[in-house]
Amino acid sequence: MELEREEVLSAIHHCVKCKLCSITSFHPREEWLPLCPSGQFYGYQAFYAPGKMEIFRAILEGEITEPSEGLLNAVYACTVCGACYEKCKQITSVELGAPDLFEAMRHELASKGWILDVHKNIAEKIKETRNAYGEKYEYKAKSSDENADVLYYIGCTARYRVPEIADAMLEIFDKIGIKYQVMDEEWCCGSVLIRTGQVEAAKELVAHNVEEIKRSGAKTIVFTCPGCLKTFEKNYPDMGVELVHSTQFLLRQGNMNLKKEDLKAAYHDPCHLGRDLGIYEEPRAVLSEVADIKVMKREKEQAWCCGSGGGVKSAFDDFALWSATERLKEAKEAGAEALVSACPFCKRNLKEAAEKEEIEVYDVVELVNRCLER
Amino acid sequence: MLREVIKMDEMVSRLVKELQAIVGEENATDDRAICTSYSRDQHWHFVPAKNPACVVRPANKEEVRAVLMLANTHKIPVIPYSTGINVRGLTIPVHDGSILLDLSRMNRILEINPEMKTATVEPGVTFGMLLEQTRKYKLRPAFPDAPLTVSVLVNYYLRGIYQTAATDGHDHTISYEMILPNGETLKTGSRALSRMPYFRYGVGPDFAGMFCAHPGTCGVVTELTAKLYRLYDNRKEYFIGFDDVATPTKLIYNLMNDELAASIRLVDNQSWLKGIFGTFDYPYEELPKFVLCVLVEGVDGVFEAKDTLVRAYMKECGGEVLDLPAEFATTFEHESLGGAEKSCMVFGIKGRGNYHCIGLYGPLTLAAKYYEVHEKTALEVGIPKDHVHFYIDPIYSFHGQLCYFELDIFYDGSDPGFGAKLRNYNERQFHKLLDLGIYGWFRPYAGIIEPTVERIGYLAEVWKKFLRVLDPNEIMNRGKLF
């Protein structure tokens with residue numbers, strides 16, 4: 001646990017359990033809108049931030065000495081989306097973030113061997129295949145210029161589950177004439193391991209990727225995956241390389257002659273991109289060039305999580321899909337024909353849930369690619 | 001010892017199976033971690049953590065009835081819990097082996113009746129949920145100055161008779177339905193006689209009043225009908241600064257006596273004012289030490305007349321009318337008439353995350369003395385002056401000059417040393433306040449009942465007998481009194 005024990009306990013003691021963290025700002029709209037997917041889905045206090053903090057306290061103070069099913073569910077059926085912290089910060093200006101606490105809690109649990117089998121399996125798959133899905137085939141992508149300044153870090157999900165995002169990004173590079181590299185030996189960034197408490201297992205991945213990137217000579221790394229970007233920003237050493245999200249990169253290209261579509265689209269803030277990295281405006285600016293944006297009630301710092309992060313998709317798929325369905329309904333209520341995110345992991349979960357909802361799901365780069373004339 | 005533990009574990013396992021048969025497998029558990037999440041609240045310096053043996057989450061009154069009857073048969077303590085926001089240790093188990101009865105799934109608004117100006121709710125309905133619906137009829141509930149995530153039913157039933165809109169009166173409960181430990185249903189007021197739950201006084205004595213404001217619970221209230229109040233379009237806010245507590249009491253008296261203001265709160269410039277204004281980022285220290293916040297509202301004609309009178313009283317009040325940013329007035333309106341949200345910024349005062357208060361009812365005439373004794377006792381136990389804060393909320397219609405007073409101390413919740421000072425403060429202060437004279441306590445704070453019971457004579461005996469009749473097996477959470 002990187003946070004000191006006393007630091008953690010101090011933060012836990014500062015929670016007054018008002019549970020305002022479980023809803024969006026009530027005033028001035030005066031609508032009751034839940035903000036915590038985990039608490040809303042499971043209901044027990046253990047699944048809300050104040051309950052989780054009590055559990056962490058009991059672990060640190062030696063009151064909980066064995067891993068029960070409820071413990072593992074309460075700790076790991078949380079997307080660590082950070083919405084609770086953002087709300088609390090607005091009200092109380094507390095000094096330590098709940099997501100940091102909850103990741104520290106997972107690290108503490110993992111160090112005791114209290115971890116879900118499905119997450120252990122992911123670690124084993126990564127060890128074997130260097131990707132989080134255990135896929136043995138190669139995603140077909142080649143550098144357009146092996147000495148290019150721009151390196152596109154594709155990430156496991158865009159490589160093996162939603163390749164249309166990676167395809168779109170690569171086509172965009174080609175269309176706008178950007179020379180790019182992709183890594184021959186791109187390993188998982190380690191995000192899923194770090195988020196599930198398996199911090200040590202991520203070290204080898206970090207070391208490898210750092211070495212490869214240094215060898216590439218790239219000056220800018222572009223990410224379509226906010227989870228990867230966050231991990232590089234927060235868990236990797238400073239490589240002296242610029243790290244940017246695809247939407248930031250696209251925005252700086254200026255006028256790309258995009259042909260706007262007749263599409264009403266709601267933008268879904270990915271947690272890692274928004275709450276973790278503070279990138280809210282760039283995706284909206286890019287999306288507004290290709291579609292008419294419909295604003296959902298819960299957005300930016302108070303966006304409803306899609307439900308897939310923090311190891312939830314792999315371990316609690318019913319919960320993940322429920323969260324995604326809630327988001328899709330919200331988009332439809334806003335009058336959107338499509339829900340657009342800027343994260344492969346969000347897209348994958350939302351798309352799966354959308355099979356039962358009449359709404360399209362895209363990543364921003366897909367729409368940009370579609371609207372970009374050669 | 002080990003054998004006893006095993007025996008207890010087996011008993012709890014059997015109990016959980018029986019509870020699961022009532023509420024479904026996923027809604028009852030004795031999982032240690034799940035139970036731990038209910039073990040402590042913000043009042044942990046005074047009420048130590050204690051795990052319930054199991055947690056059960058019924059979905060309706062029939063499930064509640066079955067759970068209570070089961071608990072009654074086996075003489076197992078039951079701790080009712082509504083939305084999970086509790087700052088006084090009232091839902092922390094007192095005894096080992098308790099059932100935590102989490103009622104948050106029962107969150108239906110059963111009726112909003114705009115003609116009767118009432119709402120009927122289940123225990124899991126929060127003030128936010130209710131306002132979202134009532135405002136469609138230009139109505140609102142009477143809000144406590146607690147987070148709008150708290151339960152409407154529990155606040156009114158338990159002891160939530162204070163409010164931030166001075167015109168609302170002090171009693172918002174009309175009638176309710178309660179399930180007793182033996183499984184019988186008790187209906188109060190007109191609810192007992194008909195399907196019209198809109199009148200408090202039905203047959204015989206005021207049973208609604210007899211069950212309210214206990215230090216614990218007598219049964220489980222599964223639905224409650226409460227008063228709703230008008231939301232007016234015409235509103236105006238004033239903020240008047242004073243250097244002491246005594247001077248503004250004349251203005252408060254005039255406003256209350258003439259029934260002019262919807263909300264009146266006297267607060268010091270370093271605590272609740274930050275929440276009322278919705279920001280930490282303002283030079284509050286440059287304001288007078290105490291600020292009276294006044295909100296006037298009403299229908300056309302009445303509003304203008306009230307406003308004229310309020311301004312006239314303000315001229316002669318001896319305070320300084322403050323010219324503040326317009327958004328402060330907007331936030332004050334929201335917090336007073338739409339439920340407390342930003343007010344909870346007090347939890348972040350000094351970035352420390354905790355507060356302690358003694359809330360009490362008393363006459364306005366004693367306001368300055370309450371403040372004096374608050375500051376004096378705090379200093380005696382080593383609490384610095386800059387941690388001492390004060391709050392007055394006068395309550396309509398001012399018979400007895402009824403006010404809600406809050407003697408606040410904001411502190412670092414993680415500091416056990418400060419917790420010890422606060423326990424010392426409480427021990428002294430309860431006696432001092434009782435000696436000074438109060439109408440009653442707001443909450444049954446830990447340690448408050450013992451010195452109080454000594455002074456209430458035969459009432460204590462009658463009270464105990466009353467509880468024994470209702471709950472002979474003593475399964476309900478009777479709090480710290482009996």
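## A sheet and a chain contact

Colleague: How many bridges join strand β5 of chain A to strand β7 of chain A?
Modeller: Welcome to this predicted model! In chain A, β5 covers residues 264–267 and β7 covers residues 338–341. These two strands run parallel, and the number of bridges joining them is three.

Colleague: Which residue in β7(A) does Ala265(A) stand opposite?
Modeller: You can find Ala265(A) in the structure and look across to β7(A). The residue standing opposite is Ala338(A).

Colleague: What is the order of the strands in the open sheet of chain A?
Modeller: The sheet has four strands, with parallel pairing. β6 (292–294) and β8 (360–363) of chain A each have a single partner strand, so they stand at the edges. The order is therefore β6-β5-β7-β8 (chain A).

Colleague: What angle does the direction of helix α15 of chain A make with that of β5(A)?
Modeller: Helix α15 spans residues 281–290 of chain A and packs on the sheet. The helix touches β5, β6 and β7 of chain A. Its direction and that of β5(A) make an angle of about 175 degrees.

Colleague: Which strands of chain A does helix α19 of chain A lie across?
Modeller: Look at residues 364–371 of chain A, which form α19. This helix runs at about 85 degrees to β8(A).

Colleague: How many residues of the side of chain A that touches chain B are nonpolar?
Modeller: The contact takes 38 residues from chain A and 43 residues from chain B. On the chain A side, 12 are polar and eight are charged. The nonpolar residues there number 18.

Key: Residues are numbered from 1 along each chain as its sequence is written. Chains are lettered from A and ligands numbered from 1 in the order in which they are written. This is a predicted model: local features need pLDDT of at least 70, side-chain atom pairs count only at pLDDT 80 or more; totals for chains, interfaces and linings use all residues. Two strands pair if DSSP finds at least two bridges between them. Two residues are in contact if their C-beta atoms, placed from the backbone, lie within 7 Å. Axes are lines fitted to C-alpha atoms, for helices over the stretch in contact, and angles run from 0 to 180 degrees between N-to-C directions. Ala, Val, Leu, Ile, Met, Phe, Trp, Tyr, Cys and Pro count as nonpolar, Asp, Glu, Lys and Arg as charged, and the others, Gly among them, as polar.
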